[in-house]
Amino acid sequence: MMPTPLQLVIAAIAAWLAIGALGLLRPRDLRFVSRFLFPAGAAVAVALAIVGGYAVGKLPQSTVLPLGLPDLPFHLRIDSLSAFFLLLLGATAAAISLFSSGYFRSSDGTPPGLVAMQYHAFLAAMALVLIADDAYVFMVAWEAMALASYFLVTTEHRIPEIRRAGFLYLVIAHIGAIAILLCFAVLQGGSGDYTFGSMRSMILPGAWSSIAFFLALTGFGAKAGILPLHIWLPEAHPAAPSPVSALMSGAMLKMAIYGLLRVTFELLNGQLWWWGVVALTLGLVTALFGAVFAAVQSDMKRLLAYSSIENIGIIVAGIGLVILFKSYGKSLLAGITLTAVLYHVLNHAFYKSLLFLATGSVLHATKERSLGRLGGLIHRMPWVAWLALVGTLAISGIPPLNGFVSEWLLLQAFLFTPSLPQTFVNMLVPIAAAALVLTAALTAYVMVKFYGVVFLGRPREPNLAYAKDAGRYERSALCYLATGCVLLGVLPANVTAFIDPINLMLIGASAAPRLAGNWLFLAPIDADRSSYSALIVLVVIVGVVLLTMTIVRRLYHGRVRIAPAWDCGFPLQTPRMQDTAEGFGQPIRQVFEPFFRIMQRQLPTPFDSAPRYSVRIDDHLWYWIYAPIVRGAEWIARTAGRVQQGRISVYLTYSFCTLLALLFFVR
Amino acid sequence: MTAAGFASQLLQLAIAVALAPLLVGWVNQCRAWLQNKSAPSLFLPYRTIRKLFAKDAVVAEGASGIFRTMPYIVFGAMCCAAAIVPSLATDLPFARAADAIALVGLFALARIFMALAAMDIGTAFGSLGARREMFVGFLAEPALLMVLFTASLISGSTSLTTIVDTLAHRELAIYPSLAFAGVAFTMVSLAENARIPVDNPATHLELTMIHEAMILEYSARHLALIEWAAALKLFNYSCIGLALFFPIGIAAAGDGWQATLGAAPLLVLKLAIGGALLALIETLSAKMRIFRAPEFLGTAFLLAVLGLLVNQLLGS
């Protein structure tokens, strides 16, 4: 008998846990961990991706496992939505595990075996989140995911900043978890039954369903990094080892998106139009904020973290638009928008993992994370550089790569909005579309800065001349992700058809037949309206470029003379005269000055022989929202601390008073 | 895909590639006349390109593959763009593969490669040019997209050919949104083509240059291709402007080859007038400081958004 997809997923989770347990057997054996455990984890991930891909569009299956507390068995279920996200998890985890095989070295942080255990527990917890079918399993898996990732973030726990970053991450994760817990409490609607099955059938009164939605938005927003709960992302990503950053950005943020979709479209019956407006606004503000802040960062992983915030913003804005369309009964448009959202989720998993892993290779080769000390790595690390170029172009939304397709679909969805019956919403659209395209253009700025400063130009520091290219495992992982970016870009019609069962499940209408003309063309609604074929664009561009090259070579000549760069009559040029990250971001800093809180600006004096300029930029939100809360908490703790006197007689008095009070009240 | 469509597609591409340097020569000539200088030959850009092709290419030490492939990629992207923008006919098979948003994407592709290649050598000027180019681009690109959106909301399509078909055959009416879009588009085109209020194509003064700073290291055939691509970009922008705001005379799908051929002289006439106007704008305005550029482009962006809003409000 063939095993069902759900059984296979459970088996994969068990396999990951077993691999993690094996890591505990020989915690300090780096060879065992990197040559055996991580490749085995990658194999399981590939299997999971295949199962997930197979299960999209199949009938939902559920099962009950007699695990956990008495009377609280595990309800598990797989449907198209969870299968899609399982595919995403498997596909990214495969690459990241492969990369990790070559990445982890011995350090004075957590021993490698323990890292492997935490890593695989993290993967297993994410998979369990996706197949959870009651609030209890969901919360257990959700918390396991948060904890495992916390320990992974603090791998280098001997560095105080990293411990601080980890703590911040844990705090925000728990604020989110509380909100999610409350959300489930609202969703069960007094029935006391916490299975998702009963929540689906529950019809909540309007106000309560709004409360549930906003609790979900807060809870999952904290994990995804929606403003103002984004604060942990730029701290945790630079702190974590690069594969972990990639996994968190590529897969874990998507778990939050999964949760939001699950609660909003499946567990809640009926959506109100103004939720859509709120989500749309919040998403776009987040996206713009992320893009603007990414432009002024000088640490490459912080830059990518802000770019993740931006992408999550775009995704949430898209979800807002889906809610709008659905609440007005425009199922077809809602389906197209949902397709764009899920497409973007998939794209982001691929290109952001690719970029994070590339920074990992750079970090290994140079021991440097600050953009101002890198440069010229395309000569030393050609594999990483050229593969990262694919990711750079993909994230900038350049046709014919994958980032463009989802942006294109989302913009098409914005252009459909005039059909909505409400004037206010219609007025919102031009502004929303403007914000979206502004974000996209800023992304290009950010990515040119990232790529140009790290890989192009001349090395800014002498030690960069010894940088080595990535090893076999790292290279193949990067190759796989870059291929994914290209394939997702040139075969959009296949991807949208693949996503379609989820439209059917969440929106109740199929969009694919109206999305794709045939396998070559993407044509939402009508081919006369708009159509796009990435493959043709790719073929034509490559064709024209090759033709031009041949003609130029044939008709003229291919002679080339290598000479020093023109020095403009000033012979004392050094690599330090190139733009630094601060220099490249300076125009943006000037334009968006009011958004920033400039922390430290170091201006060199005229007498410096080796002048260095640096500027650190913080966002206002920390000082406006978080700092007062921290101060308040500290004040409460201090005040309460006065009770502790450290003398036994005082504590005995407390006990006596408590006893008296209890006698008085309980009597 | 019909044979006629394919023919008009090729004809249009050939005309764009062939005529683009002529447009640059014409603008330069007009500007010289307006500024009381003796005008260079109309065909000077062709001679420059031919001269450059014949020379030996000098490539700076430490140049990577990006530096060498950039001219070809930029040229290729501009050719693709020229194939999408309906300048002679709207029966363009390739335009079905790429709509207005993809057109903006192609421009972005060219821009990103130019900026990356400029940073590749690692000279101060290169990265300065790259930074300024991306800076101009991050406001100009959304503004251009908003202009195109205004037109696509009127015609209910993002495909440029459908937009032109609708705009060319509508009854004569005043579209206030298109007026906003037109002003915004003019400003964007000036900025994107390195024209006077934002950049100056005629100078290598380090304080002001953007485009020239990026291509400082290029020579011979690479430079020739970049110059040609820049000319094509000007040609493309002119044709987008003509297609959106003066779409009269562009042959529609069923019009046959006579109409396509007949559109050519009209296109030349329109481009001549447009080029003269460009020279006039360049002569009348002064180059502004680089940090005034965001105000200029921000205005363009806001005008374009206003156009879209007006469209939503008035339904036209």
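Helix H13 of chain A is mostly covered, with 31 of its 36 residues buried; a residue is called buried if 20 or more other C-beta atoms, placed from the backbone, lie within 10 Å of its own, exposed if 12 or fewer, and partly exposed in between. The structure is a predicted model, in which local features need pLDDT of at least 70 and side-chain atom pairs count only at pLDDT 80 or more, while totals for chains, interfaces and linings use all residues. Residues are numbered from 1 along each chain as its sequence is written, and chains are lettered from A and ligands numbered from 1 in the order in which they are written. Helices (H or I, at least four residues) and strands (E, at least two) are DSSP runs, numbered from the N terminus.

H13(A) covers residues 331–366 and reaches 52 Å from its first C-alpha to its last, close to the 52 Å expected at 1.5 Å a residue; the expected span is 1.5 Å times one less than the number of residues in the helix. Just after H13(A) comes A:Lys367, with a positive phi of about 60°. A:Lys367 belongs to the loop between H13 and helix H14 (377–380) of chain A, and is exposed, as 10 other C-beta atoms lie within 10 Å.

Chain A as a whole contains 24 helices and five strands. Its radius of gyration is 26 Å, close to the 26 Å that the globule rule gives for 667 residues, so chain A is as compact as a globular protein of that length. The radius is taken over C-alpha atoms, and the globule rule is 2.2 Å times the number of residues to the power 0.38. The C-alpha trace of chain A spans about 100 × 70 × 55 Å along its principal axes, and 55% of the 667 residues count as buried. Among contacts in chain A with a separation of 6 or more, 78% join residues 24 or more positions apart; two residues are in contact if their C-beta atoms, placed from the backbone, lie within 7 Å.

The contact between the chains takes 68 residues from chain B and 68 residues from chain A. On the side of chain B that touches chain A, at least two residues each come from helix H2 (44–54), strand S1 (57–60), helix H3 (65–84), helix H4 (100–120), helix H5 (124–155) and helix H11 (293–314) of chain B. H5(B) gives the most to this side, with 17 residues. The residues of the side of chain B that touches chain A comprise 44 nonpolar, 15 polar and nine charged, where Ala, Val, Leu, Ile, Met, Phe, Trp, Tyr, Cys and Pro count as nonpolar, Asp, Glu, Lys and Arg as charged, and the others, Gly among them, as polar. S1(B) also pairs with strand S3 (residues 560–563) of chain A, in the parallel sense and over four bridges; strands pair if DSSP finds at least two bridges between them. In this pairing A:Ala563 stands opposite B:Ala60.

The largest nonpolar core has 375 residues, of which A:Met126, A:Ala127, A:Leu436, B:Ala143 and B:Ala304 touch the most other members. Such a core is a set of buried Ala, Val, Leu, Ile, Met, Phe, Trp, Tyr and Cys residues joined through C-beta atoms within 7 Å. Helix H17 (residues 423–455) of chain A gives the most to this core, with 22 residues. Apart from neighbours within four places in sequence, B:Ala143 is in contact with B:Ala184, B:Val188, B:Leu297, B:Ala300, B:Phe301 and B:Ala304.

Strand S4 (residues 596–602) of chain A is hardly covered, the count of buried residues among its seven residues being zero. S4(A) runs antiparallel to strand S5 (residues 614–619) of chain A, to which six bridges join it. One partner in S5(A) is A:Ser614, bridged to A:Gln602.

Most residues other than glycine have a negative phi, and most peptide bonds are trans. In the loop between helix H7 (176–192) and helix H8 (211–214) of chain B, B:Ala194 has a positive phi near 55°. B:Ala194 is buried, with 20 other C-beta atoms within 10 Å. A cis peptide bond, with omega about -5°, joins A:Leu227 and A:Pro228; A:Pro228 lies in the loop between helix H8 (206–224) and helix H9 (233–239) of chain A. The bond from A:Pro399 to A:Pro400 is also cis, with omega near 5°, and A:Pro400 is in the loop between helix H15 (382–395) and helix H16 (402–416) of chain A.
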